[in-house]
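Colleague: I'd like to learn how to read salt bridges and helix faces in a model. Could you walk me through one?

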Amino acid sequence: MRKFLFASHAYLAKGILSSLELIMGHQDNVKVLCAYTQDGFDIKQEIKNHIDALSCHDELIVVTDVLGGSVNNEFMSVLGGTDKNVYLVAGLNLALLMSLAARKDEDTATEALITECVEEAKETIVFCNTLLQKTKEPEDEEF
């Protein structure tokens with residue numbers, strides 16, 4: 001079974017899950033990790049708990065908030081040492097999560113699915129002022 005873990009500094013993961021569920025309904029296969037929100041928070045132990053809970057048939061797609069951030073780095077340090085099916089993506093955003101959630105039950109290989117969803121999500125990151133400028137520019141007149 002494909003499972004998801006949204007992991008972030010503070011409550012971004014919880015908030016984005018709320019937005020995803022508003023749009024796409026309840027997501028049974030999603031958990032969140034809101035790092036550093038309580039005294040004594042041990043991210044290494046939290047990661048271990050999530051990975052240990054996986055069966056040999058499960059796949060866990062972890063989506064963290066920022067590449068190079070401490071949350072992502074801690075997951076990176078664990079990936080090489082586990083025999084579980086764990087995939088890590090940095091760049092938590094709603095477009096990516098909607099794509100992953102919509103396609104979670106496809107038979108597509110997980111690595112291919114993630115790659116396709118990441119590419120789709122990249123296309124949704126746009127500087128909108130540029131789009132507005134393009135619509136304001138006069139069209140070339142044909143002579």
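Colleague: Which residue forms a salt bridge with Lys48, and how far apart are the closest N and O atoms?

Modeller: Keep in mind that this is a predicted model. A salt bridge needs a Lys or Arg side-chain nitrogen within 4 Å of a carboxyl oxygen of Asp or Glu. Here Lys48 pairs with Asp52, with 2.5 Å between the closest N and O atoms. The two are four residues apart in helix 2, so about one helical turn separates them. Both count as partly exposed: Asp52 has 45% relative accessibility and Lys48 has 43%.

Colleague: Which parts of the chain does the salt bridge of Lys44 and Glu74 tie together?

Modeller: Their closest N and O atoms are 2.7 Å apart. Lys44 sits in helix 2 and Glu74 in helix 3, so this pair joins parts 30 residues apart in sequence. Lys44 is exposed, at 53% relative accessible area.

Colleague: And Glu59 with Arg2: are these residues buried or exposed?

Modeller: Buried means under 20% relative accessible area. Glu59 is buried at 18%, and Arg2 is buried at 10%. Their side chains form a salt bridge of 3.4 Å, N to O. That pair connects strand 3 with strand 1, across 57 residues.

Colleague: Now helix 5: which of its residues are buried?

Modeller: They are Thr110, Leu113, Ile114, Cys117 and Ala121. Viewed down the helix axis, they fall within an arc of 95°, so they line one face of helix 5. Their cover includes strand 1, strand 3, strand 4 and helix 4.

Notes:
Residues are numbered from 1 along each chain as its sequence is written. This is a predicted model: local features need pLDDT of at least 70, side-chain atom pairs count only at pLDDT 80 or more; totals for chains, interfaces and linings use all residues. Side-chain values use heavy atoms; hydrogens and water are left out. Buried means under 20% relative accessible area, exposed over 50%, partly exposed in between (1.4 Å probe, protein chains only). The arc is that of the directions from the helix axis to the C-beta atoms. Contact means heavy atoms within 4.5 Å.
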